[in-house]
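Please keep the sequence and the 3D structure in view while reading.

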Amino acid sequence: MSAQIQTRKRKTVCDIVAHKGGEPVVCLTAYTAPIARLLDPHADILLVGDSLGMVVHGLSSTVGVTIDMMILHGRAVMRGAQQALVVVDLPFGSYEESHEVAWRSASRVMMETGCQAVKVESGEGIADTIAFLVARGIPVMGHVGLRPQAINVDGSFRAKGRTKAERDRVLREALAADRAGAFAIVVEGVDEEIAAEVSSLVRAPTIGIGASARCDGQILVTDDMLGLFDWTPKFVRRYADLGAVIDKAVADYAADVRARSFPAQAETYVLKPS
Ligand code: KIV
């Protein structure tokens, strides 16, 4: 049997690193195959974020997300995406304990999903783990500033860098992740000044979320920017109002069902066009 030839070349971490100081990196979250298929032609990176715990599964934070959940969604996104680099989050509890635990989690995620890289929330203590994984062939994206997995320490999802100590900490976290070999660093919930400083000091492209336009790229939670929720964070520009579109479509559907108005079943029951 001949080897299957992939038609479109998938981006690599080297392609992402090459964006530094050039064209901004376009990133979005994806959790399912059909949405990944729609986002893929436009995105440099699709992140299977552990935000899926809140966005898809209705959890109140990302702390309850398991590695099995990440793998299930990671596999779905890999089926939908052809050209974007796919990064899968390592969830809370799957990498902090030791290098070996992190290695087992990260290698399992890479092997079982086929993704190209993992992301860790990189407080200063995690830099060594990043270096350990990178040295063994696993590309790692860092994540500094507001770290949602630290919600139980921080008490809320609020921006970072309001005090000098906090600003210094964000900077130290970013520099540590950079020195450890992270190929890109998500910078979440910081002001323009910190975003600009971090971006100018690290070698890796910075990917901002709620961190101004002074990063090397941006990521948004796709469901936020498509308007699927009643509430969106202030930093998110809504590019569509899909919540309203769905509401109208479902109301129209309900009216049709109640009026017994649908196409004749025998003629229309074709699951896929031939
Ligand atoms: O989990 C996630 O979706 C993230 C992004 C918002 C950066 O970490």
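For "active site", UniProt lists Glu188 in an unreviewed entry; UniProt positions are given in the numbering used here, feature names are shortened, and annotations may be inferred rather than shown by experiment. This is a predicted model, in which local features need pLDDT of at least 70 and side-chain atom pairs count only at pLDDT 80 or more, while totals for chains, interfaces and linings use all residues. Residues are numbered from 1 along each chain as its sequence is written, and side-chain values use heavy atoms, with hydrogens and water left out.

Glu188 belongs to strand E6, residues 184-188, where helices (H or I, at least four residues) and strands (E, at least two) are DSSP runs numbered from the N terminus. Because its relative accessibility is 14%, Glu188 counts as buried, a class defined as under 20% relative accessible area, with exposed over 50% and partly exposed in between (1.4 Å probe, protein chains only). Leaving out residues up to four places away in sequence, Glu188 touches His143, Val144, Gly145, Leu146, Pro148 and Ile209, contact meaning heavy atoms within 4.5 Å. The side chains of Glu188 and His143 are joined by a polar contact of 2.9 Å; such a contact is a pair of N or O atoms within 3.5 Å, of which, within protein, one must be able to donate a hydrogen and the other to accept it, and residues adjacent in sequence count only if both atoms are side-chain atoms.

Glu188 is also among the residues nearest the centre of the largest pocket, together with Val221, Asp224, Pro233 and Phe235. On a 1 Å grid over the protein atoms alone, a pocket is an open set of points where a 1.4 Å probe fits, with protein on both sides within 12 Å along at least five of seven lines, and lining residues have an atom within 4 Å of a point. Grid points are joined across faces, edges and corners, and a volume is the space filled by probe spheres set on the points. In the table, Ala, Val, Leu, Ile, Met, Phe, Trp, Tyr, Cys and Pro count as nonpolar, Asp, Glu, Lys and Arg as charged, and the others, Gly among them, as polar.

| Pocket | Volume | Lining residues | Lining by class |
|---|---|---|---|
| Largest pocket | About 910 Å³ | 35 residues | 19 nonpolar, eight polar, eight charged |
| Second largest pocket | About 450 Å³ | 24 residues | 18 nonpolar, five polar, one charged |

Helix H3 (52-55), E6 and strand E8 (217-220) each supply at least two residues of the lining of the largest pocket.

Two residues other than glycine take positive phi values. Phi of Ser212 is near 70°, and this residue, in the loop between strand E7 (206-209) and E8, is partly exposed at a relative accessible area of 32%. Phi of Arg260 is near 50°; Arg260, in the loop between helix H11 (242-258) and helix H12 (265-268), counts as exposed at 72% relative accessibility.
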